[in-house]
Amino acid sequence: EEVLYDQDGNPIPKNPLQKIPIGTNLEDPPVLRAISNDPILRNVKLIAEAWDAGGLYQVGTFPHYGVWAEWNGKFRDDVRNFIKGSDGFVGTMASRLCGSPDIYHASGRKPKNSINFVTCHDGFTLRDLVSYNEKNNFFNGEDNNDGENHNISWNCAGGPEADGPSTNKHVIALRERQMRNFFCALFLSQGVPMITMGDEYGHTKNGNNNTYCHDNYLNYIDWDQALDPLSGDGLKRFCSEMAQFRAQHGAFRLPDFPTDANCQWHGIKPHEPDWDETSRFIAYTISANTPEDPEKFYVAFNANYESALVTLPELPRGLHWKCVLDTSLETPFDFINADDISDQDKFTAEALVRPQLRANRFTILDRSCVVLKAEIDEDE
C-alpha cells in the first residue's frame, strides 16, 4: 500500500474521503458540518440550493444541522402548476401555502427553513413565465439548445405561436392577473418569500431563460421602472402592497406550521374542501390565533377558467368580511385596502361588493385570488 510522506519525512494521514467514489452523496459532509458548527458562520443566514448539475436533488433531505434553510424548488414547481391550471396540484398547493410541512416537518424544521420562490436567476422572469410556452434562447448562439426545457409556463393565449408580447387585450389582462396571483402565492404562504429582481415591475428577457452570457439589457434592471411606484401597469404597486400586508399580519408569518386550530380549509362551501385531482379551487381561513394577534383572514385561489360563487365561513356576531384584495380587478382596486386610494374611491369599491358580503357570498372570478379580512362591525 502506497504511503505518502511530507517534506520532513512524516507519513501523511490518509483522507477518509479518498476511498469514496466521486459523486457519492455524503450523509455527513465535512465542509457543511464545519460551516454549521463554526461559532460565527452558524449564526448567519445559511441557505442551500439543494440540487446540482450532477443530478443530486436534496430538497427536504439536505444535511441542515439545524441551521440551514433551503431554496424550495418544489414550491416553485407546484405553485407554477396550480396557478396555470394543471390538474392534480390542489393538495400540494395546500402544503406549499402552509410552509411545506410534508417536506420539512419530519426533520424538525420550521416554515422559516423554506425559501419560497417562483422565479430565480435561472429560468424565466415572472413576465416571461406568463408570456412564453417555450424558451427563446437563440440570442445565446447555441441554436436554442441551451437552457431548461421544462419551464411549467403558459403564455395565457394558446400554442407557442402566441409567445411574446401581445396586442390582445384579453391576453394582456390575464397575464397581468396571473403575475399578481403568483405574488399572492409567494406573500401569503408560510415560509420566506424570495423575489427575483425586476419581477416587481415585470422585467422581460424576451423568453430567454439562460442569460448568464449576456452583459446587456436582458440582465440590466430598468431603474426608471424599478423606482416608479406604478410601473408594470401597477404591478410594482401591487407587489409593494403585498409585502407591507405580509409584514403587518402575523397570520402569514407563523413560527410553526398551521394546524386545525388556526387553519381551516374550504371549497365552494365552508369546511368542504375539494381535494379531487381535477380541482382547481382552494380556500382557507388563517389566523395567528393568539390573544395578541386574533386577526382572521379568508384566502381563495381560483385557478379554473370559470368563476366560482362561494359561500363564506360564518363569522361570530359583531364581525363581517371585508375585501382586502382581488386580483381580478385592475389597479388600484386590485389591492383595495391601500393607503393610496382616496376614501371616496375606497367607499365606492367596497360598496360594490358589500351586498355579496352581507349575504355571506362572494364571486371569485376565473384565475384570480381573493383575500378577505374579518373586521368588527362599526354599528355594534
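What is the relative accessibility of aspartate 28, and does it count as buried, partly exposed or exposed?

Guide: Aspartate 28 comes in at 40% relative accessibility, which makes it partly exposed (buried is under 20% relative accessible area, exposed is over 50% and partly exposed is in between, with a 1.4 Å probe and protein chains only). Before going on, some housekeeping: this is a predicted model, where local features need pLDDT of at least 70 and side-chain atom pairs count only at pLDDT 80 or more, while totals for chains, interfaces and linings use all residues. Residues are numbered from 1 along each chain as its sequence is written, and side-chain values use heavy atoms, with hydrogens and water left out.

So who does aspartate 28 meet? Its side chain forms a salt bridge with that of arginine 33, at 2.8 Å from N to O (a side-chain nitrogen of Lys or Arg within 4 Å of a carboxyl oxygen of Asp or Glu). Arginine 33 is partly exposed too, at 32%.

Another one joins lysine 322 and glutamate 375, at 3.8 Å. Here lysine 322 sits in strand S9 (residues 319-326) and glutamate 375 in strand S11 (residues 368-376), so this bridge ties together parts 53 residues apart in sequence. Strands here are DSSP runs of E, at least two residues long, and helices are runs of H or I, at least four, both numbered from the N terminus. Glutamate 375 is partly exposed, with a relative accessible area of 22%.

Elsewhere, shared partners link Arg127, Glu176, Arg180, Arg237, Asp334 and Asp340 into one salt-bridge network.

Where H2 (residues 73-83) touches H3 (residues 90-97), contact meaning heavy atoms within 4.5 Å, the H2 side includes Lys74 and Asp78, and the H3 side includes Arg96. By class, that contact has 6 nonpolar, 1 polar and 3 charged residues (Ala, Val, Leu, Ile, Met, Phe, Trp, Tyr, Cys and Pro count as nonpolar, Asp, Glu, Lys and Arg as charged, and the others, Gly among them, as polar).
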